[in-house]
Amino acid sequence: MPDIAVVGPWAREKLDALARYLDFYTKVLKNQPWRTIYVDGFAGGGQAQIRKEAAPASEAIPLFELETEADADQTELIDGSPRIALNVANPFSRYVFIENDPKRCAELEAVRREFEGAREIDILPMGAAEGIEWVTARPIARSTHRGVAFLDPFGAHLEWASIQKLANTEIFEVVVNFALSTAIQRMLPNSGEIPDPWAKTLDAYFGSRAWFDEVYRERSRGLFNSGGYEKREDYAERLLQLYRARLKAAFGHVSTPRLIRNSKGAPLYYLLWAGPHSKGLQGADYILSMGENLGPKRRKAAAS
């Protein structure tokens, strides 16, 4: 078996939610005049291998591991996001798969040949930021197009500028992996003394330095305390709400978060939807509420 991405069993939950939303979306637009576009910003190779054994509780990064030899007990293959999108009952008019790994691109080329004549597929061998720039520079308009972008980065490698470009088209909805526990929290030391590369990554991820004040507050000076910064107790929730607020401001509507946990029950990341239409919000909230989220109180707040 060739090299293939190995994923934890929790990936099935994420992909199931994506499949349900794409089915909902394409059914709603089935008899509408618009051309529809599916964009996968971190496409992978089209299939993944489920890890049979539960990962250790401390194992959170990476969610996708590239292994050169598949273990005999790791033989169950599942469709990744590209195949899930290609196999919806009411296909999109066009598919754009963005992937900067040459081996994964080769796998996607095999997928394209498999669907040759039945699907219009572009494979962009580049990073997500460059690929989204390519997409948003195409001659697409609200009068003629609608689209969904699935943004499932490895860690915190998703720039807010790319999300904003999709929002600016007023065409796209996005389904986003907000990598709170798998990546972001790991770059936030208790002292607030953040290495410059990490700080720049977080600035790009959130689109500003606003994340710092959501995480840290100044430590009060005292007899045995010289000041500095300390983490807020509720910093994780504050970061989630900051990101949701930014999505809502960019797109108009944002869903209730869906929390994805690993096999040991530890939180990994949140799935979020954002888009310009209330109909999409209704569908996304219904689908995402089929898993674990932030509870009834926050669902009510999300609708405000």
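Author: Start in helix α1 (residues 11-28), which holds both Tyr-21 and Phe-24. The two are three residues apart, about one turn of the helix. Helices here are DSSP runs of H or I with at least four residues, strands are runs of E with at least two, and both are numbered from the N terminus.

A word on the basis. This is a predicted model, in which local features need pLDDT of at least 70 and side-chain atom pairs count only at pLDDT 80 or more, while totals for chains, interfaces and linings use all residues. Residues are numbered from 1 along each chain as its sequence is written, and side-chain values use heavy atoms, with hydrogens and water left out.

Now the rings. The whole structure has 20 aromatic pairs. Tyr-21 and Phe-24 make a tilted pair, because their centres are 5.5 Å apart and their planes stand at 45°. The cut-offs are these: rings of Phe, Tyr and Trp (its six-membered ring) pair if their centres lie within 6.5 Å; planes under 30 degrees apart are stacked, over 60 edge-to-face, and the rest tilted.

Tyr-21 has 4% relative accessibility, so Tyr-21 counts as buried. Phe-24 has 22%, so Phe-24 counts as partly exposed. Buried means under 20% relative accessible area, exposed over 50%, and partly exposed in between (1.4 Å probe, protein chains only).

A second pair is stacked: Phe-178 and Tyr-243, at 4.6 Å centre to centre with 25° between the planes. Phe-178 sits in strand β9 (residues 172-178) and Tyr-243 in helix α8 (residues 235-251), so this pair ties together parts that are 65 residues apart in sequence. Phe-178 is buried, with a relative accessible area of 0%. Tyr-243 also counts as buried, at 0% relative accessibility.

Tyr-21 and Phe-24 belong to one aromatic cluster.

Arg-138 lies over the face of Trp-134, at 4.3 Å from the ring centre.

Methods. A charge sits over a ring if NZ of Lys or CZ of Arg is within 6 Å of the ring centre and within 35 degrees of the ring normal.
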